[in-house]
Amino acid sequence: MIKLVLSDLDDTLIRYGLPHITQNALDAIHEVRAAGVQFAPATGRITADLRRMFAGDDEAYATSVRCNGQMVYLDGELIHSVPDDMAALERAAQAVCEYPGCALMVYDVETAETCAVGVTLEYAKTHPEVFSRVSRVSDHVPEGVWHKANVHVNGDRAFSQKLKDELTRLCPELDFVFPNPRGSLFDILPHGWGKAQGAEVLRKMLGVERSEVCVFGDAENDLSVMRTYPNATAVSNAATIVSDVARWHIGSTKDDAVAEALYDIAEATPAGRMPNFMSMVDNLAGLGVRVSGARGLEGMQ
């Protein structure tokens, strides 16, 4: 049975461009919780984002793996945190400054106040599509304890990949991952720490087996957690590398496929069985068939 659900947010649970979760998906979360299954967003997002993305429903994300696993919450209480290495972050920031149109950003997770290193405030204001969050700028990473940092790039994915590769070489204490399959920004994590490590803290606290965890994801920063749990599930709009890693496949984010899968889990777990979408996809995938959603399987049983 599935006892814990971990879901990425952007382009997985929530379609890109929507300001917050759909009511259908929010209802599905509450239904799965009512069935005795723990639900936890596993996301690179900060707390301030979660309040907006869950339309003010704090209960829906009270248990969560935030900031790519650097902050882990259980029932609204912080149970584990891994801050960024300040010296390595500063080294990365100074390297980013050598690339025009790029900035390393650090975030206050509660207020979303954002400081950019590498661009002027005037430049940020004239490129709001890339630097919309910038509250202030600095020549150095501000003193503090940071749990969320990333690099924003005013350029294409190839240019962003070049910078990402350079930072990987210069800063072995840090890992750099893309949070979605198409954008140019990428996240910064402590080396060897990610969603998987944060999820493991939560799983062990809950006393759940790995085989009882279901993970939904779509992007590079989901790979560690997808590889950790056998019931890894990719949405159809996922990056190819994520789809290849996943054991199970469902429909698209735009069709609320994760919500449909949650309803399936909510029906299956109290009945003492695995959900429908985990019982047929292996065979269908071998035939080159992609299943579009959990409820769509019911008539095929």
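A salt bridge is here a side-chain nitrogen of Lys or Arg within 4 Å of a carboxyl oxygen of Asp or Glu. Select D10, R45, D49, R52 and R133 to begin: these residues are linked in a network of salt bridges. By this rule the structure has 18 salt bridges.

Some notes on the model belong here. This is a predicted model, in which local features need pLDDT of at least 70 and side-chain atom pairs count only at pLDDT 80 or more, while totals for chains, interfaces and linings use all residues. Residues are numbered from 1 along each chain as its sequence is written, and side-chain values use heavy atoms, with hydrogens and water left out.

**Colouring by confidence**

Colour the model by pLDDT, the predictor's confidence in each residue, from 0 to 100. The protein averages a pLDDT of 93, and 93% of the residues score at least 70. Next, select residues 285-301, where pLDDT stays under 50. For this stretch the model has 32 contacts beyond four places in sequence, a contact being heavy atoms within 4.5 Å.

Select K3 and E212, whose side chains meet in a salt bridge at 3.2 Å, N to O. K3 lies in the segment before strand 1 (4-7) and E212 in the loop between helix 7 (195-206) and strand 12 (213-217), so the pair ties together parts that are 209 residues apart in sequence. Helices (H or I, at least four residues) and strands (E, at least two) are DSSP runs, numbered from the N terminus. K3 is partly exposed at 33% relative accessibility, whereas E212 is buried at 14%.

Move on to R91 and E173, which form a salt bridge with their closest N and O atoms 3.0 Å apart. This pair links distant parts of the chain: R91 belongs to helix 3 (residues 86-96), and E173 to the loop between helix 6 (157-170) and strand 10 (174-177), 82 residues apart. R91 is partly exposed at 34% relative accessibility, and E173 is partly exposed at 32%.

Now select E166 and R169, which meet in a salt bridge at 2.7 Å, N to O. Both residues lie in helix 6, three residues apart, about one turn of the helix. E166 is partly exposed at 24% relative accessibility, while R169 is exposed at 57%.

**Aromatic rings**

Which residues make up an aromatic cluster with F176? Select F178 and F186, which form one aromatic cluster with F176. Rings of Phe, Tyr and Trp (its six-membered ring) pair if their centres lie within 6.5 Å; planes under 30 degrees apart count as stacked, over 60 as edge-to-face and the rest as tilted. The structure holds six aromatic pairs. One of them joins F178 and F186 in an edge-to-face arrangement, with 5.9 Å centre to centre and 80 degrees between the planes. F178 is buried, with a relative accessible area of 2%, and F186 is buried at 0%.

A charge sits over a ring if NZ of Lys or CZ of Arg is within 6 Å of the ring centre and within 35 degrees of the ring normal. Then select R66 and Y73, where the charged end of R66 sits over the ring of Y73, 3.6 Å from its centre.

**Cysteines**

Display the cysteine side chains. How many disulfides does the structure hold? The structure holds zero disulfides, a disulfide being a pair of cysteine sulfur atoms within 2.5 Å. For C67, the nearest cysteine sulfur is that of C115, 17 Å away. C67 is buried, with a relative accessible area of 1%. For C102, the nearest cysteine sulfur is that of C97, 9.8 Å away. C102 is buried at 0% relative accessibility.

**A valine in strand 12**

Finally, select V213 in strand 12. V213 is buried, with a relative accessible area of 0%. Leaving aside neighbours within four places in sequence, V213 is in contact with I2, L4, L6, R203, V208, Y229 and N231. Select V145 as well: V213 and V145 are 68 residues apart in sequence and 31 Å apart in space, C-alpha to C-alpha.

Methods. Buried means under 20% relative accessible area, exposed over 50%, partly exposed in between (1.4 Å probe, protein chains only).
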